[in-house]
Structure formats: structure tokens, C-alpha cells
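Please keep the sequence and the structure in view while reading.

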Amino acid sequence: MLRLAALFAVLLPQVAAANTCDTVRFENTSFTTCAVSAGEDLRLFHSGPSGPLGSFSAVNDLLAAEGKTLGFAMNAGMYHPDRAPVGLFVDQGRTESEIVTAEGPGNFGLLPNGVFCIGTRFSVVESRAFAARPPECSYATQSGPMLVMDGALHPRLIPDSDSTYIRNGVGVSADGRRAVFAISNDRVNFHRFARFFRDGLGLRDALYFDGKISRLYAPAIRRNDLGFAMGPMVGTVVKKD
């Protein structure tokens, strides 16, 4: 699985976007969050006519045919060396990669893991519960571990762990009408990242997307993180000026 990247940020001209991105501090750690409301055009991206897209710029090139562009985007799940998704990936209602419910190596296999579902509302669902009763998802991506489950932190997260990286993930509100995407701007362990979603943002369900390769595209705050090619990505789609 591709896990390493040399990241650097490019300043972009500031533009308006429907979603709101802000930088906040929690327990002396800096995070950037982007909040999305139900009804906004939030999509997952992976492949185009020539195969995996791999970058935010490639997504924007694809959207240009619609006269649209990304409002914000980030990587959204783990992937194999060929950039194929690890676990479930649903694109416009079509299952492109099947769900994985077995325990396995790495962060993805640290059960319980989960699925982020984009439907009429947003949800983060534990993977085995999702497999037993799949909700209606226009888009879905599986990753792991779960960070917060109905207000409880993943039981295997260690408060004083020295495993710290730039990490990103998503949390959803109890009514499913708001999704908050977050990336740490400082290196952070899993436990603090999970507490940020629960205690800092007040979200009772949250899912880890990845670490080391975590990147954010947010032109409204003049941010464009660059690095190696990515697998699944998530972002809002807005009209291009």
C-alpha cells in the first residue's frame, strides 16, 4: 500500500466555495476542517477514462467538462500500490470494490473499521453492520480504524502513543445533515485525533482516512497540498467561475 509522500503546499488565489474550511486548535494541535451540509454536491473520485485520477488537478480537469470545479477535496481511504481502493468503494451507486469485513494488518484491519456513506444524508457505519444492512449510498468509501462510534473512542487507541503523523478523516453529525472533514496540521496520534472529532467538534461518529499521505485542497483558504499520486478522493463540486 502506498503510504509515503513528500508533501508541500502551494498558495492559490482565494476563491469562494460553498463549504466552509477553517483552521482551529485542540489540545495545542492545529487542525483544518471543512464542513459540508446535506444537499451540497459532495462526491467521491477515483478513476477517469484513463484509469486512476491520482490528483486534485486531474479531478478538476475531469470536472471542467461539466463547467465545474472542486470546492474542497482530500484523500478519502487507503489504496493498493496500483491505487485500487482497499475495501468498499461505491461510485454513483455502482460498487467498484467490495467491502472487507475480516481483521487484517495495518490501520485498515484494526477492527472495528467503517464506511463513509454519501446518500440523502451522511453516515459513518461500522463495516460489519454496513455489510449486514447496506444503506443507500450514492458514494461510499471504506477505511479504518473507526475513530468514534456512538460517542465512544475505538477501544484500541492508546492515549500516550508516540506513533504520530499528519492524519485525516471525517465525522458526521447525529442527524446526518453535516459532515466535517479534518486534517491535522501537526503530527498527532490516533487517540488525540479521535478526541478532536468527539470533544473538539462534538461528533459522535468518525472514521480515519489515512496518515502520512494526507492532503487537502481548499482554494478558499489558498491551500493545495501536493505529493505522490492518491487513490480515492472526496470533495465538493461547485460551478466554475
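## Aromatic pairs and their surroundings

Phe196 is buried, its relative accessible area being 2%. The model that contains this residue is predicted, and the values given here are computed from it.

Counting ring pairs gives 10 aromatic pairs. In one of them, the ring centres of Phe26 and Phe196 are 5.7 Å apart and the planes are at 55 degrees, so the pair is tilted. Because Phe26 belongs to strand 2 (residues 20–26) and Phe196 to helix 3 (residues 190–200), this pair ties together parts that are 170 residues apart in sequence. Phe26, with 13% relative accessibility, counts as buried.

Phe31 and Phe193 form another pair, with ring centres 6.2 Å apart and planes at 10 degrees, so this pair is stacked. Since Phe31 lies in strand 3 (residues 29–37) while Phe193 lies in helix 3, the pair ties together parts that are 162 residues apart in sequence. Phe31 is buried, with a relative accessible area of 0%, and Phe193 is buried as well, with a relative accessible area of 0%.

The two pairs are set out below.

| Pair | Centre distance | Plane angle and class |
|---|---|---|
| Phe26 and Phe196 | 5.7 Å | 55 degrees, tilted |
| Phe31 and Phe193 | 6.2 Å | 10 degrees, stacked |

Which residues do ring pairs link into a cluster? The cluster is made up of Phe26, Phe31, Phe193, Phe196 and Phe197, which are linked by ring pairs.

A contact of another kind involves a charge: the charged end of Arg167 sits over the ring of Phe190, at 4.1 Å from the centre of that ring.

Conventions. Residues numbered from 1 in each chain as written. Predicted model: local features only at pLDDT ≥ 70, side-chain atom pairs only at ≥ 80, totals over all residues. Heavy atoms only, no water. Phe/Tyr/Trp six-rings, centres within 6.5 Å; stacked < 30°, edge-to-face > 60°. Helix = DSSP H or I, 4+ residues; strand = E, 2+ residues; numbered from the N terminus. Buried < 20%, exposed > 50% of the residue type's maximum accessible area, 1.4 Å probe, protein only. Lys NZ or Arg CZ within 6 Å of the ring centre and 35° of its normal.
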